[in-house]
Amino acid sequence: MEINIYGAGITGLTLAHELVNKGYNINIYEKDTIIGGMARSTRTNLNVPSEHSWRGYGPFYNNVYDILKQIPIDEICNKKKELKEQFKNDKVFTIEEISEHNTIDNGWIHLDGIVYNITEFIKIHPGGAVIEKSLGKDVNEVWGENGVSWHKNNKLVNEYLYKYKIGITDGFKETFNNEPMIDFNKKYKHSVFDNLNLNKLSFEEGLLNNKTSINSDINYFDIPYLYYLFGKVALSNKRKDNYYEKRLEPLLKKNVSIQTYNYLVNFLSGPGYGFDKNTMSLGHYGGFLELNFYQKFKKWSVMNQPTNEAWFDHWKIYLENKGVKFYFNHQVDKINYKNDKITEIEIKNNNNLIKIIKGDHIICLNPFIYQQILEKSNINNKLTSTIEKYKKINIVNNQISFRLGFNKKINLKKNSGYVLIDSPYNITFYPQDEHWCENIDLGLNKKIKSLWSGTLIITYNNGSLTKKSATSLKTDELLEEIKYQFMESTDLLNLIKKNNNGYVLNKKDIIYGEIFEDWEWGNNRLNSKNPKFVDNFINEKYKPNNSTIFTNLFVGGSHSKTSVKIWSMEGAVESGKMVANKILKRDNKKKCYHYIHKSSNYLNIFKCLDDIFYKFNLPHFIDCIIYFIIIYIIIKIIILI
């Protein structure tokens, strides 16, 4: 059977991957000349790697990892090969196991994935009580908290530790141990999963500022309220729809300290989670926390190469070898239909008009672009209801991606991402060269020694230099503004000086700057050719299902309804699997693997309880318990009086 997929982003590629392996003939039509959609990476005319934003792979990305493990590759980084060989016979311990060994008579620690039993060393340790604080923990964090991070680079310390090594952590093993999910006909030894970096990316210590004093953590006094607030989200089911319609930012602004507000809103919401801070909902934010909670808030991974070079290029080769046909420069223009069936899809290819008639049609396009197609195709108002729903979900997020290249190798904190929290544009960035393989060309005839990839999270504020919003500046003006905001950050400059033997960053050392190719100047403002969707307090209930009013048309994308409920790469892959399974079920074929994100059985008990309260229009059961306690205390006081 013929399957026509429109859009070669993650969802479309997932669909092709799952269905071609079930015997379908797959055609993919893509308006660009490259696959990957909004997750793609390209190289500029100066050969500098560029992309829409940094790509973080969360610990709960189960559907993504399922796909990555099925795509074969020839080679992996030499460092990863060496580690596979070096640690292949080591015993593996979980963090929970290590934490149980936390006494001076039975003390373990772990550092950079290596586990040490230092029980004997404690007796001869010449230092103070810091070593006792580290038992059962990540010693690197304890050293940092106690101002003795110099231990890590001390030759004598490393020699002692080596003697007490007993194994590695499961998280460390996971970063270089690939378990292929298919037989690559013994031709390949590795999969794209191997290209996930050994170094996990963390933003925990990357909160930088300029003029204000900001603590990069939550105020302890706010913790009870946060447990109460997000606990209600986690322990609700039918009531959760209300939380998807409630704005989070005003709640936090009203009920928590400035320190906690800055951390959760200015630091985590945009840079970490990708939300727009002014429109994010309590439901989405709480759901994201719950997903990470089940994974014990493990750190995120990044690829060890630009995204296309690490993932999509290999995927295209794999799919083509399976028989998938790609048609580039093919843009959907109009949908033609009769009654409940699509009769043809009109596609523009340069100056030619092509009509696709046979087979099923699956739209995996940016929802903003799909809305335009629907409006053009709305004969006899049949699509009016669908168009209205897309208008309600299509709220643009104008986060802007950029790159800065330096003529010197700049060392920062290991494995960290950074947020210039009080920069007007709330800039977030990470040094890509620290996470990529050594042989990756950073461009400009290899003159670039460090390459930072960043995002402007808040583009509507006025800049420090130009006094204008980011979208009201031309790209060259915007780059000057970005550089200025970097040079304003005293924390960043001090960090660079500290980690580079006193080197003082100078603006002239920035030899390259670039705004991602999606952004172009027109009508006196910067506009994105591919507007970015974002979850917010308005659009959750309008997200489309995969089926449509037509029997032979399906819709996929991270903006559609999924179990993960977060606009992400995981949502994109899951949506592709969901559409594939609809077609496979219809055709009586075995379904593909689909991980469904759901709450633990323990939490479901409380959710069912709250459903009963909700049915009778009562407040959340947590609120009812609090009310009961307050009333009980008041009655007790009255009785005593």
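Analyst: Let us start with a pair of helices: α10 and α22 are oblique to each other. Please keep in mind throughout that this is a predicted model.

User: What makes α10 and α22 oblique to each other?

Analyst: Helix α10 (residues 223-234) and helix α22 (residues 621-640) pack at an angle of about 135°, with their axes 9 Å apart. Angles over 145 degrees count as roughly antiparallel and 65 to 115 as roughly perpendicular, and the rest, beyond those under 35 degrees, count as oblique, so the pair α10 and α22 is called oblique.

User: Which residues make the contact between α10 and α22, and how many of them are nonpolar, polar or charged by class?

Analyst: On the α10 side the contact is made by Tyr228, Gly231 and Lys232, and on the α22 side by Ile622, Asp623 and Ile626. By class, the contact of α10 with α22 has three nonpolar, one polar and two charged residues.

User: How do you know that a disulfide joins Cys77 to Cys437?

Analyst: The distance from S to S in Cys77 and Cys437 is 1.6 Å, and a pair of cysteine sulfur atoms within 2.5 Å is counted as a disulfide. By this rule the count comes to one disulfide.

User: Why is the disulfide of Cys77 and Cys437 called left-handed, and what does the pair tie together?

Analyst: The torsion about the S-S bond of Cys77 and Cys437 is about -95°, so the disulfide is left-handed. Cys77 lies in the loop between β5 (72-73) and α3 (78-86), while Cys437 lies in the loop between β20 (427-431) and β21 (450-456), so the pair ties together parts that are 360 residues apart in sequence. Both Cys77 and Cys437 are buried.

User: What leaves Cys364 in no disulfide, and is Cys364 buried or exposed?

Analyst: The nearest cysteine sulfur to that of Cys364 belongs to Cys592 and is 13 Å away, whereas a disulfide needs sulfur atoms within 2.5 Å. Cys364 has a relative accessible area of 11%, which is under the 20% cut-off for burial, so Cys364 is buried.

User: Why does Cys608 count as partly exposed, and how far is its sulfur from the closest cysteine sulfur?

Analyst: Cys608 has 48% relative accessibility; since buried means under 20% and exposed means over 50%, Cys608 falls in between and counts as partly exposed. The sulfur of Cys608 is 17 Å from the closest cysteine sulfur, in Cys624, which is too far for a bond.

User: How do you know that Ile448 is buried, and which residues does Ile448 touch?

Analyst: Ile448, found in the loop between β20 and β21, has a relative accessible area of 3%, so it is buried by the rule of under 20%. Not counting residues up to four places away in sequence, Ile448 touches Val48, Gly405, Phe406, Leu442, Gly443, Ile511 and Tyr512.

User: What is the order of the strands in the open sheet of six strands, and what makes β12 and β22 stand at the edges?

Analyst: The order is β12-β19-β20-β21-β18-β22, with mixed pairing. β12 (207-208) and β22 (510-515) each have a single partner strand, so one side of each is left without a neighbour in the sheet. Strand β18 (residues 400-406) pairs with β22 in the antiparallel sense over five bridges, and Leu404 stands opposite Gly513 in β22.

Terms used. Residues are numbered from 1 along each chain as its sequence is written. This is a predicted model: local features need pLDDT of at least 70, side-chain atom pairs count only at pLDDT 80 or more; totals for chains, interfaces and linings use all residues. Side-chain values use heavy atoms; hydrogens and water are left out. Two strands pair if DSSP finds at least two bridges between them. Helices (H or I, at least four residues) and strands (E, at least two) are DSSP runs, numbered from the N terminus. Buried means under 20% relative accessible area, exposed over 50%, partly exposed in between (1.4 Å probe, protein chains only). Axes are lines fitted to C-alpha atoms, for helices over the stretch in contact, and angles run from 0 to 180 degrees between N-to-C directions. Contact means heavy atoms within 4.5 Å. Ala, Val, Leu, Ile, Met, Phe, Trp, Tyr, Cys and Pro count as nonpolar, Asp, Glu, Lys and Arg as charged, and the others, Gly among them, as polar.
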